[in-house]
Amino acid sequence: MRKIGGCDLSLVLLAISFSVLFAPVLSDLVISKVDRRVDLTSQHVRLFTTLKVENNGTDSVSEVLLPFPDHQSKNLAFLTATTTEEKGKSKSSSQALPIKVVNPEGMPISLAWYSASLPKELGKGGQLTLEIRAVFTHALRPFPEKITQADAQLVVFQDSAYYLSPYVVKAQSFTVKLPEPRVESYTKLENAKLSGSEIKYGPYENIPPFSYTPIVVHFASNGPFAVAKDLVREIEISHWGNVQITEHYNLIHAGAESIGEFSRLDYQARPYLRGASAFRHLIAKLPPRAHSVYYRDEIGNISTSNLWGDSTKTLLEIEPRYPLFGGWKTSFTIGYGLPLHDFLFQSEGQRFLNISFGSPMNELVIDNLIVKVILPEGSKDITVSVPFPIKEWQEMKFSHLDMVGRPVVVLEKTNVVPEHNQYFQVKYRFNNLSLFREPLMLISGFFFLFVACIIYTHADFTISKSSASYVAKLQWDEVQTAIQQFQGVMSRCLAIHDKLEASLRDLSRTGDAQACKAARKAADSSLKELSKELKSLLGFLQSSPQAAQILPKVDELVVKEKELQEKLMLKHSIVVDAFEKRSGGRDTESRVASIQQKITALRLEVDDLLEVIDEI
Amino acid sequence: MAAPETSPTPSSLRNAFGHVFSIFILILIGVLAFSIRLFSVIKYESVIHEFDPYFNYRVTQFLTKNGIYDFWNWFDDRTWYPLGRVIGGTVYPGLTLTAGTLWWLLNSLNIPLSVETVCVFTAPIFSAFASWATYLLTKEVKGAGAGLTAAALLAMVPSYISRSVAGSYDNEAVAIFALIFTFYLYIKTLNTGSLFYATLNSIAYFYMVCSWGGYTFIINLIPMHVLLCIVTGRYSSRLYIAYAPLVVLGTLLAALVPVVGFNAVMTSEHFASFLVFIIIHVVALVYYIKGILSPRMFKVAVMLVLSVGLVICCTVVAVLIALVASSPTKGWSGRSLSLLDPTYASKYIPIIASVSEHQPPTWPSYFMDLNILAFLVPAGIVACFLPLSDASSFVILYIVTSVYFSGVMVRLMLVLAPAACIMSGIALSGAFDVLTRSLKFQLPGTSEIFASDAVDTGSESVILNKDGAEEDKSEDSVKERPSKKNKKKEKEKEKEKEKEKEKEKENAGTSSSRSHAERRPLVLPVEASVIAIFLLVLLVAFYVVHCVWAAAEAYSAPSIVLTSQSPDGLHVFDDFREAYAWLSHNTDVDDKVASWWDYGYQTTAMANRTVIVDNNTWNNTHIATVGTAMSSPEKAAWEIFNSLDVKYVLVVFGGLVGYPSDDINKFLWMVRIGGGVFPHIKEPDYLRDGQYRIDSQATPTMLNCLMYKLSYYRFVETDGKGFDRVRRTEIGKKYFKLTHFEEVFTTHHWMVRIYKLKSPRNRIRGKTKKSKSKSSSTISSKSSRTRKKNPWN
């Protein structure tokens, strides 16, 4: 107690101010019994209050006022009130009551007022049981504020031993549940009792309205004080069958700040003694059938995580890159895909997404949560229904070949606790045909690309048809075709020569001179035709200037071919003559041999020339 | 070969089919080149690798965030504290601009890829481009078949894979593509003589200058080739067109790159190109005059010009040499000098020598990085000589020079790899050509020789046509010129043979046997060719297996994540990122972190903290200061670090898990580099009998230096003995306390340890007093002494 005099004093002042003001009794409600239990086992302070309310006055009452002191109300993250109507023995339907912030006149200003509207007015003598559930964040203050690695983390909790109420409270008790039996100190009032890890105040009876007796509990709490400074959840719907959720965490250990050395040795050797206040891992409870889970930060994948699941849930155990001591920060991203049919439903032509609001990690306090629901491109008539007040606006996001962008519903809420993990709905209209827009766009894009290529290769994009180079090209093409024809003619000539040679060989084998002569005749006639063709081609080549460089070769070839032809004819006639005359003998043979030599030489030259022309 | 007349339509159909087929093969090669580099993503993750890529990644992030103008003007105050670094003017911007453009393009199409993803996949994409460029280059040299083979070889050559796996976001990734493409355009210009390609060539050269310091290789190799062509009498107007615009345009463009600037005309690396530029003009003039004058007049003119010109040339060269020699490094940068003189770096610049990739390679590394290519290269060189053309002489020159450079520096193996692939591609394709042709020739039996021959000639003409279809007429004549000579030779042989034949058989049909006879020398027996083909396929199969192994096992580790296979399964060591993440989240934004320069880039990129030195080793003194601090005793080190405003000191320690490349193993380099500038650090003080040791035999200087203390602080308490698993020994000094530093973070496997400088107040009172009195006492008398201890005083 003496350590924390500072805050004590303010509380005392507060209490004095209450008693001084002592506002007039609001109504004739009397609380016959209050049972308060506060759960301090985690960093969330959960306060369960059971009120038995009686109306002693004459007027019927429609609302019950619930005040909280300012230092609590600014940490109040979640507040619900339910009534349980007692009908006979069996407790029946509990009903959540609407709660609103009110500002009744004449009341002390350092209080925040909430009022729970009753489902039906409470008449004279009526009785009602209210269950109030409040969750506070940042209500546990570490003390001392800075500890070393070896120290355990101690925190301070402050509240009042009496229930703060504008009504008379007849009987009340207050129970504080601690995470472990180790308690440094607690305010010792009458009827205060510490047993194990529970401290009990009360019962106290007949306490006037606005009574406030501050109590302080100073105890050890080594639970993870993980606070997400910012959490951005992106929920992206793809109508191809997937809901992709990406969560960007910005985490800090909000417990007592760590000072001095961090020794890995001590941490590894005695993890629960040296480093008790650090937290190693977090467990995210993902919906069942979650797939493609990843866990990374801006510098890459974080390899320390485990995943297991069954039909009701998927558990992801993630470990930050390093153990988080008090005041240490980290940031990371987890992402996973969910099957669309589990979360998206259709009714009356509308689609609605039904998905949970908060983070899948239960130990987390989220200071600022932004949920972005990214609807598919072309969604319209968007409405959102969330069971608690939030800030809401819309954005556009461009991704994956979007033309008009995807509508994004942004929901922002501060001070989020696991109790906010409720389902919320986004309703919108969406035409199924829009699904095919992007594939069609791709297909048509490639189609037009190919069409453009085809057109480009088939069209002539020469700038000027009359330009010298273009004309030259045309002429060159003509020359080339002429030369090709010329080559054709030449090769046919050569083929005829071959035939003649073959006929000679036949002659030597079979001795059929007639056939040989016939072949000669046929060759003569075809050669004549070919020479005619040749003449016209040569005429063309001579006339065209482009062929100037090739012309000498062509002429040479023609001459050589002629010569070859003559020699061949000569040889042919000699051989045939010799055969017919049966003269045979050396004489002819030698003559033939000399001619043959010339023929071979000429033939080679012709071939060479043909090749040269071919290469041009 | 008089083939086309037989069947023009089928051959053109075949032609078209061949085109489509080769395009299809090229696409497959691109896919292969891309996908073989994805092992790192599959086995590890999509992450930037190693050291330099992190810097490039950071620059790219800056570029995409702030735009191109801010990028040029970027003064980075996160590195080289307190000096800073002008990034825009000292970085080769090619890679960054490429990836930035790619990212911008994708995002403007609304494809939301992160900068990191684009950076990771830049290298694989560009290796696909590089294999296509190889195809084009080899096609210019030896035809499409060789081109396809070379492209396929390059797509998976381990040497290139080692620098271009997914995540290896380094300059070489795009530079090799730029290098090959520049060479291709040079050859293309040389073959066509087209000014269009010459312009493209200059632009490709500009891209190369943007991308990598290795552009000096191009600007020296091409002049060498031009000189070779001139000397061997191959000067032509095409050569002039290929070279002159490149020098003029290329130099102008290169000077636009801030990091090169006036170096493009001032340094000796570029000197050769200008010299050859003058020579080629002289030669061009001589040829021109020769054309005008009659031979006699020409001789007279030559005499005149030679006598006058020589005098002028001599004076000019003398002046130039005097100018160059007057500068201390002879106008060469340190890295280039260490290329010319392999012992230069180890003598004068320990920083360059300390980098493992600047060491000469060992023989096994040739086998590891090139595998069978190392054996195929000689065959390729022989094949290039068979008809020696301008293009093939260039390739020969390329391989010869790159073999030399790779022998000097293991890193330049990368330049050798494309040359080796081209050569092996030529060799393999030539061998397959001969073997399959002889098979085709002989299999149908002797009766159908003629038919098969016709088919064969047909196919030959297809190949020829394929070449000819895209190229201009002039180029055709160029290409065929050498081969024509060859053919003539063959024909002479043929003639002789035919004469012999004629003696035997008078009536033999010469025409039909002609082509047959021409082929005969190349035809191998069926059995031999079948076996040879089988063996070649086997060889290539081994190569493929080796490449896949190298890609999957040897070269895909990102080096910031380590894994080890233990009986319990895969164990991941992610300590580096653990430390960097801790730094980035739990220290102040402006805190300065000191570490050895290896970790500088990673610290700035991943932890976003200011570092003292980093991998861009431009300031030797600064690095020596850090080296001195690391090798000084704790107090002196504290003073050095404090004077540099350092708040955290990061050391890498592998002794607990056996990670060998830690700071203790690099420590001797710190001592050497530090001692090079601050003479009170002497290497022998750290060595016991010339041996570097950290056990009980170690010298007291070693056991008291900061690096030892920071590495082994409280290490003995892990196992009670202090057994270092890297050095395989017990450490020398086991129990000690830190007085000026405190441990603030150590990663899970102790691989990274971060210490904080204690603030002066917390120091022992007596000592503070002493140091105060020391500093307050007459500075002049003590200055020499203090300077010894603290170089920043």
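Q: Two strands count as paired if DSSP finds at least two bridges between them. In which sense do strand S17 and strand S18 of chain A pair?
A: Antiparallel, over twelve bridges, with S17 at residues 226-238 and S18 at residues 242-253 of chain A. Strands are DSSP runs of E with at least two residues, helices are runs of H or I with at least four, and both are numbered from the N terminus.

Q: Before going on, what sort of model is this?
A: It is a predicted model, in which local features need pLDDT of at least 70 and side-chain atom pairs count only at pLDDT 80 or more, while totals for chains, interfaces and linings use all residues. Residues are numbered from 1 along each chain as its sequence is written, chains are lettered from A and ligands numbered from 1 in the order in which they are written, and side-chain values use heavy atoms, with hydrogens and water left out.

Q: Back to S17(A) and S18(A): which residue in the hairpin has a positive phi?
A: A:Gly241, with phi near 120°; the hairpin has three residues between the strands. Across the pair, A:Val227 is opposite A:Ile252 of S18(A).

Q: And how many bridges link S17(A) to S28(A)?
A: Eight, in the parallel sense, with S28 at residues 365-374 of chain A. A:Val232 there faces A:Ile370 in S28(A).

Q: What is the strand order in the open sheet of four strands?
A: S26-S27-S32-S29 in chain A, with antiparallel pairing. S26 (344-347) and S29 (380-385) are at the edges with a single partner strand each, so one side of each has no neighbour in the sheet. The twist from one strand to the next averages 25°, taken between axes that are lines fitted to C-alpha atoms, with angles from 0 to 180 degrees between N-to-C directions.

Q: How many bridges join S26(A) to S27(A)?
A: Four, and the two run antiparallel, S27 being residues 350-356 of chain A. A:Leu344 has A:Leu353 of S27(A) as its bridge partner.

Q: Changing topic, how many disulfides are there over all chains?
A: Zero in the whole structure, a disulfide being two cysteine sulfur atoms within 2.5 Å.

Q: Is B:Cys421 buried or exposed?
A: Buried, at 0% relative accessibility. B:Cys119 is buried too, at 1%; buried is under 20% relative accessible area, exposed over 50% and partly exposed in between, with a 1.4 Å probe and protein chains only.
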